[in-house]
Structures are given as structure tokens and as C-alpha cells.
Amino acid sequence: MPPSRRHFLSLTAAAGSLAAFGCSPSRPAPSAPSSAGSSRARAPDPGRPGGPARPAGKTLLILGGTSFLGPALVEAAKARGYTITLFNRGKTRPHLFPDIEKLHGDRDPSKGDGLKALSGRSWDAVIDNSGFVPRIVKASAELLAPNVKQYVFISSLSVYASHTTPSADETAPVGTLSDPTVETMGKEYENYGPLKALCEQAAEAAMPGRVTNVRPGFIVGPEDPTDRFTYWPVRVDRGGDVLAPGAPSDPIQIIDVRDLAAWLIQVVETRTTGVFNAAGPGEPLTMGGLLDACAAASNARATFTWVSAQFIEKLGGEPVDLPIWAPAEGETRAFHLRSAERARKAGLTFRPVSETVKDTLAWWKTLPADRQAKLRAGLTPEREAEVLAAWRARGKKAGPP
């Protein structure tokens, strides 16, 4: 866990999203636009179980498309028969998708050719999974407004100003900035959530009634470049004494990248607009349940030592990085209890957590040895041993009850 809860709220959500869209970090600003609460989902085609009828000759533009959520979107759209175009700088994994049209430029219209490659082109819909600054989202949304029918913006649960009310929905207030022209994330990523909220509003202002603002929680699963969720199945698979944070009952919300991508394509097909929290899984998940799923997916023998949130927060020295988890008390007590009922009613479904854990671990084991040598999130073995030793020493000092 980072040095402060404020740091936790901003960095865990913002840093992960930036990497993933790059990309569940895996925060109400001015009130959401009037259409923000709407959900005009069309019922699935009863003649084709599992989703709407296959589109005929539909076209999709993805702003980004080559990191984590992007490839998952491409695969989901291809499976539904879309003709896809990617727009990006051509710097991240340019070898991907050689059979798909790629347009190169910059999201910032003031840099190089900017958005020039998009001028005069038309698509049925655009999915923006690389927008972080309202000025830049405004530029793309305004340019595309005459030529696309729907703008899907990937926002974040980090937009919300507070995480203390269980089951809060999309009508909860979003964070604000004293200076809305700021374009930096801030030292502790404190601007990330409010900037995302302003991006949502910029898209809606450019294309009123035609925008879908999707607020995912922690996006997880195979190919996650952040290692936030991956840390847990990998750590449990290593075996031994695992530092388990908080209590087994602490809530956890995540969404498998494949479930999110499939639903986003459904949202495009049904022309569903409005604001949606995208947080799963389908059944309530706890930290204990997550670790049990990790143990079930592994052949290693691991034991769990539960270390209280209060102890972790007050522990000095190097930060205790325990990704995904948040203390189920104080400022973060409802961090993993956001309502996603609106998205569920619009067709969002979730695979079992056990499947996500199993697939993530299997993917991890296919990576090169140098990539596996050091996780990008979570505790090093040395730091974990230090914290566990300190926890045990505290218990000995306290003596018998």
C-alpha cells in the first residue's frame, strides 16, 4: 500500500489505467450531463442467444488499440464482423493486427499532424480508450461528431469524489479541479479522476445524446501490463507464507478485460448511451475469496497470514504495495462496493473469478524469463518477509490476552 490513502486512491487507479491504455489505478465534478443517467439499451435479438444480431458491414474506429483493452476490443469486434480502424502513434506494438487498417497521428492536435488522418473519414462508432485530458478528448469528439453515430469513452471509477458510500451509483458526485485547464496528473495522480470526469463532459458536449461514458474498476486478466491483479495468482503460485492484507471479508471489485471488451462491442451494436459503472464480478468477491481462487489455480502450497489494515497503514519504511486491495474502512471503505446494476441491465456479464485467475496465471507463465523475473506491482519477497516479521514481532510484544 502506498504511503497514504490519498496516494492509494489516486495512484492505484490512475497509474494502472495509463499503463493499460498506454491504457481495473486497478475520482462528482460538475454534475454529469443531462443524458449521463440515461440507458437506452435495446433488447438482444431473441433469435440469437447471447447477444444482438450480427451487424452487417458495421465499421468501428478505436483510438489506441494496441495495449491490453485495445487488443481485447479488436478481437471482440472482429468476432462480431466489424471492419476496424486503429488510430494511434504507431509506437506501441506496431506489429499487432497486420490485417487491420491503421492510421497514425497524435491525439493532441497541436503535435505533428495531430488528428489529420481522421479528417473526412466516417465510422459507425468510435471507442476512445486513450483519452486522459479533456482538451484532447474535445478535439477528437468534435472532429468526429459529423461522421460517427456514437462515441464510447473509457473513463474510470476514479472519477468519483468519495468512496465511502456502499452501492453508490452513477449519480454520485465526481471530483473537481480548482483549475480545469490543468493537464498534468499531479504528484500523486490526484488529478486523474477529475480529468477523466472532464473528459466525459467534453465528449458529451461535442456529441450530446450520442456518448457512452463507461467507468471501469480494476481491469484485469491476461496481458495486463500493470501486474496489479497478476501479482496475486503469481505470488500464491510461488507458495509459502503469503501476506494477506486486511481481513478475508474485505470486498474486491474487478472486471476481466475480455468481459469488458465484449460488452463494449454490444454497447456499440445496441447504440446504448449514458454513463455506466463497469465493475464485477458477477457474485460478490472478497479478498479471501480471491486468494482462495488463486490457491485453487496453483499446484503450490501457500498459507495466508492476515495483516490488519491499521498495521499496514502505520508501518514505516518502504511502502507496502498490496495492489487491488483497499482498506474496508475510512476513506476507502466502499472503494470496492460501487453499484454496476445499470451496466448489468444493459447486458454486462462476468465470467467466474476462478477463470480469470487461471487464465492470468497461465498467460504469465508464457512470458520470457526476464519479464517474469520482476513483477511491476506488489511486494518484493524481501519486503514481504520484512512486513510479516514486523507483524509477528508486534504480536509477541503484545503478549497473551
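1. Phe-276 is buried, at a relative accessible area of 0%; buried here means under 20% relative accessible area, exposed over 50% and partly exposed in between, with a 1.4 Å probe and protein chains only. Trp-263 is buried too, at 2%. This is a predicted model, where local features need pLDDT of at least 70, side-chain atom pairs count only at pLDDT 80 or more, and totals for chains, interfaces and linings use all residues. Residues are numbered from 1 along each chain as its sequence is written, and side-chain values use heavy atoms, with hydrogens and water left out.

2. Now to the rings. The whole structure holds six aromatic pairs, counted when ring centres of Phe, Tyr or Trp (its six-membered ring) lie within 6.5 Å; planes under 30 degrees apart are stacked, over 60 edge-to-face, and the rest tilted. One of them is tilted: Phe-218 and Phe-335, with 6.0 Å between centres and 55 degrees between planes. These partners are 117 residues apart in the chain. Phe-218 is buried at 4%, and Phe-335 is buried at 8%. Trp-263 and Phe-276 pair edge-to-face, at 5.7 Å and 80 degrees.

3. Have a look at His-163 as well, which is buried at 4% relative accessibility. Its side chain makes a polar contact of 3.3 Å with that of Arg-338 (N or O atoms within 3.5 Å; within protein, one able to donate a hydrogen and the other to accept it, and residues adjacent in sequence count only if both atoms are side-chain atoms).

4. Arg-338 also places its charged end over the ring of Tyr-160, 3.9 Å from the centre (CZ of Arg or NZ of Lys within 6 Å of the ring centre and within 35 degrees of the ring normal).

Terms used
Helix = DSSP H or I, 4+ residues; strand = E, 2+ residues; numbered from the N terminus.
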